[in-house]
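This report describes the interface and selected local features of a protein model. Please consult the sequence and structure shown below while reading.

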Amino acid sequence: MDELLGEFLTETNESLSQLDQDIVKLEKNPEDPELLGVIFRVMHTIKGTCGFLGLPRLEKVAHHGENILGKFRDGEMAVDEEAVSIVLESLDRIKDIVDALGQTGEEPVGEDSDIINKIEAFIDVRLHGGAPTVAAAEPEEEIVMVEEGETIPAAPLDSIEEEIDFTPIPADQTRAAVEALESEEAEKADTPVEETVEEAEEDEPAPVETKAQGKKTEDSDVKKEAPVVAQSIRVNVDLLENLMTVASELVLTRNQLIQLLRQQTDSDFAAPLQRLNHNVTELQEHVMKTRMQPIGNAWAKLPRIIRDLANELKKDIELVMEGEDTELDRQVLELIKDPLTHMVRNSADHGLEIPADRKKAGKVETGTIHLSAYHEGGHIIIEIADDGRGLAVDKIKKKAIENGVATAEELGNYSTQQINNLIFHPGLSTAEKVTSVSGRGVGMDVVKSNIEKIGGTIELFSQTGKGTKVQVKIPLTLAIVSALIVEASGERFAIPQISVLELVRSSQEGENRIEEIQGSPVLRLRNKLLPLVSLSKLLHLEGGKELYSSKKKNKRKENDLRSGIASLQKEEKRLMEAIEKEDNPKLKESNIKKLEEIALALSDSQEVLARLTEENSAEKHTIKEEDPPYIIVTQVGNYTFGIIVDQVYDTEEIVVKPVSPILRHISMFSGNTILGDGTVIMILDPNGIAQQTGEITVGDDTSASMGTENGKRRTRDDSTSLLVFKAGSGAPKAVPLSLVGRLEDFKVEEIEVSEENRMVIQYRGGLMPLVPFAQNYSFPESGRQAVLVFADEKRSMGLMVDEIIDIVDEQMKVETSGVTPGILGSAIISGKATNVIDVGYYLSQANNDWFDTKSEQAYTDGQKRGKRLLLVDDSPFFRNMLKPLLEVGGFEVITQQDPHEALGFLEQDYDFDIIVSDIEMPGMSGFDFASSVRTKEELNHVPIIALSSHATTQDMDRGKESGFDNYVAKFDREALLSAIEEALSHTKAGEAA
Amino acid sequence: MNGYMEKHGEIGKVAKTTDFVTLRIEDQLFGIPVLQVQDVLGDIKLTRIPLAPKEVAGSLNLRGRIVTAIDVRTRLGLPARELKASEPRMSVVVEYGSQLYSLIIDSVGEVLSLEDSKFERNPATLDKLWLEISKGIYQLEEELLVVIDVAQMLGSVHTDDKMSA
């Protein structure tokens, strides 16, 4: 295609999308002369350039469009919806022609008299109220005719002269002419245009001069506030890409030089290299910037889309855009353009209701789509939120069942968030009818995969009746990243710094030692267990450093051997004594034979022991010299884990290069790069590693994320540490770790059976009752028994389980209440359905006086789901016990241990439906706490329930005085639940009244 | 020179020829069209790629570009060669799908201009692994030359035994 034409097309496309936006804006502010001027000029530029390039069809349409705009500008016609629609229609025609032009390089054959006549008629009706008098005329004539008396503001002459090369070199010259034409017009040239066009047709380079002259004679009436033309030039993208590549190579070379310099402490090169380093960094930054574009570019089309949609769907839609200036890499921008458009369309089409429905729902008639973008730590966050009806959970369910994505049964166990996430599933669109807007075969699944392709994540939050919010998180750039260089099994790898939280150097003993649970390494990091993965193992590399525990195994072997030898020696002694006493010569002989055998075995064992001891101590010695492994604490989403590596080097700026297609299937790598020393190195993909090794917990508590829209600040509760164990048959069991006092491993022989057939064990100077997990539990005759010890200040009990599996940190969402006694419900833990046990049940089994109540089916009521409850109790035991219980009852439970702190907490976060408080607490009694709560206006209506171990009538009266709504004995779970229910129904009734 | 004449067709009626870089693995002669060969490398420093298909020997840096090295012996199902210390590991660099690959072979020989008329299709009895990468055979006076189909060879790498490290 003609180079000139190509440039015209790029420019026109850009101007057209700008026009779309501006005309919609104009409809809202019809009186804005500046905006009108801008629009007019853009249309005029298109027309002018068309004439110049010999595109008569395009020119004609543009001309007529300009005609209407001229009338607007001159105040002859009012700007209203009808007029704007006509202008938009002509713009659409221009777009069609330009598109065809882009494909074929030629103007398509066709007739535009329909639109032209429409425009003419429209003008006629508006101005004279009559029928159209002029049919489509020859373009040249029209130009002369219409342009008469019309002027275009001009730029100051000198700025034009600066930009224009007057030497007539045909090709370049023509381009310069076109550019000049635009820049001039953009700067409000005050030149009669017919002259330009006519001249242009005669002689290509001429218009430049003509215009220049024209400007000399006519002085400009430039507005002072005129927008200054951006100081920018058009650069071929390929050129920029090349520049980027070269800059990247330069970065690599610099890295190489720096590496060399490090080996020579005293070098003359140090100073110049320092400068080079500085400059290269700067160059790199600038080159990166050339690739950056404001996200507004991707949004430019949206106002028009929304306007058309609003008209078509008969909805009132306001599009609010925020952070349009947020810049991101061009490459990334291109990739997210379509997904974004799709999501905004979705919001308008499915999310927002029609005005009547909105009114019914008590909302303002105009629906708002809020589009925002901002930077956050190397990522850009884009949010698309609407205040519509939210996702239709039932429809999604129905669709999911229809399409066989999930069964009704499975769906029953899904949380709302999980159901919402189903819309990312391929082939699940909830739009019932396929409008021209939706149902274009692009689903949210495509959106998701497109975003994930560029290393982004997408999260969806929806609240029925309140709206939907989609949050997209994408990396700023795909090109240069800062990476940490690590080594495993002698191979080096790069890991993007952005996902590295911290580095921990493990040690053989003490705080940072690596421990193992059933072969899975873990690290205690600031009292939290961090799951670890060994990079060597992950990548099937051999010869990684041995972990501490394997040495321990050797040590154990040594110990076993020692005890074996000891028993052999005992036997030897016994035999010797027997031989001495024995009179029967035959027996004596056989004993002597046995003794000889034992002596032989003994000497063998001792030999082995000696070797093992030597080995062990030697190993210890060498290991002391060797560095213990390092742990890279990595975060992916909200999953934190540690990667064990042998060695950590420094960080380097690396240029991410895609791996060869034949290696793309390896999810562990996100790319490769060349290091400073020239070697190729693979870049690890933390996402891939996380997926390979464990779970990524995506999705969140919806109410917490939507919280800002409720106008109240909400704080999030952290995840719970859970102890996962095996006991009885079926799914693994879990219990909040905080409830467990200790983990013990008793010898079976030590367990005693009391007269009432109860099992007890002497433990810490007392007798501790032991409860089997299941009634029919038969514990082994010998060996060891794993026991979870639960204890509060006075009492303790042990729960006998088969095996302790793991300790995991997870947001515990107990899904259903089980009917099985002793099981609170089930939750997904480490991707497995796990039964959460009801500690209360076992406590009451162990000590009848611990609780009075029997285990009842736990309380569930759909209505209570999502209610927030504040629990204030100084005893961690009860806090931890009540929390899962109340959560099963459908409450979001926030716990506070100190009433003072609780009051402070309530200052910031007062969005609670109910408060449950202990009475006897150090520092401040529950009575005082309740009175303080009652003084706060926001909390006036919130019911407060007292919990106490002694519930006398006196206490109850005092409680009511202080502001408690009810008074419940501490161990009466059932009473507590019904009290809560009662209190809540009161408030509801109060509100209704 | 035939190649010259091929390019300037007016000169004489010479049979149409194609130039091949010859390679050798074990005792077999192979050829790759010279226009496909970007480079011939002597000793190369390879970075191992964990989890890669077994014929991927690693990657290397060729003037700032990352090149994936393919061990042709492994691709052909031949055992690894014992390298003598003095012997450099030879490889030829080819481009496929805008990516560079270095094919590790035993040795690189001269460039031959072969008449197109001497080209024959693969004998049907050829080993399956070989059939996959061979475009056809040239009959030379002393021996046979197997033409390596670069696209076939590289295109089929990722399709089989994915995760074998």
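## Interface of chain A and chain B

Across the interface of chain A and chain B, three residue pairs are found in polar contact, with both residues of each pair at pLDDT 80 or more. A polar contact is a pair of N or O atoms within 3.5 Å; within protein, one atom must be able to donate a hydrogen and the other to accept it, and residues adjacent in sequence count only if both atoms are side-chain atoms.

The elements below, from chain A, each supply at least two residues of the side of chain A that touches chain B. Strands (E, at least two residues) and helices (H or I, at least four) are DSSP runs, numbered from the N terminus.

| Strand of chain A | Residues |
|---|---|
| S9 | 491-496 |
| S17 | 669-674 |
| S18 | 680-684 |

S17(A) gives the most to this side, with four residues. The residues of the side of chain A that touches chain B comprise 13 nonpolar, seven polar and four charged. Here Ala, Val, Leu, Ile, Met, Phe, Trp, Tyr, Cys and Pro count as nonpolar, Asp, Glu, Lys and Arg as charged, and the others, Gly among them, as polar.

The model is predicted: local features need pLDDT of at least 70, side-chain atom pairs count only at pLDDT 80 or more, and totals for chains, interfaces and linings use all residues. Residues are numbered from 1 along each chain as its sequence is written, chains are lettered from A and ligands numbered from 1 in the order in which they are written, and side-chain values use heavy atoms, without hydrogens and water.

The rule finds one salt bridge across the interface (a side-chain nitrogen of Lys or Arg within 4 Å of a carboxyl oxygen of Asp or Glu). Arg48(B) and Glu491(A) meet through their side chains in a salt bridge, at 3.2 Å from N to O.

Chain A and chain B bury about 2000 Å² between them, 68% of it on carbon and sulfur atoms; this is the accessible area (1.4 Å probe) lost on putting the two parts together, summed over both. Ile662(A), His665(A) and Val680(A) supply 31% of the area that chain A buries against chain B, more than any other three residues.

## Helix H3 of chain A

Gly75(A), which follows H3(A), has a positive phi, near 75°.
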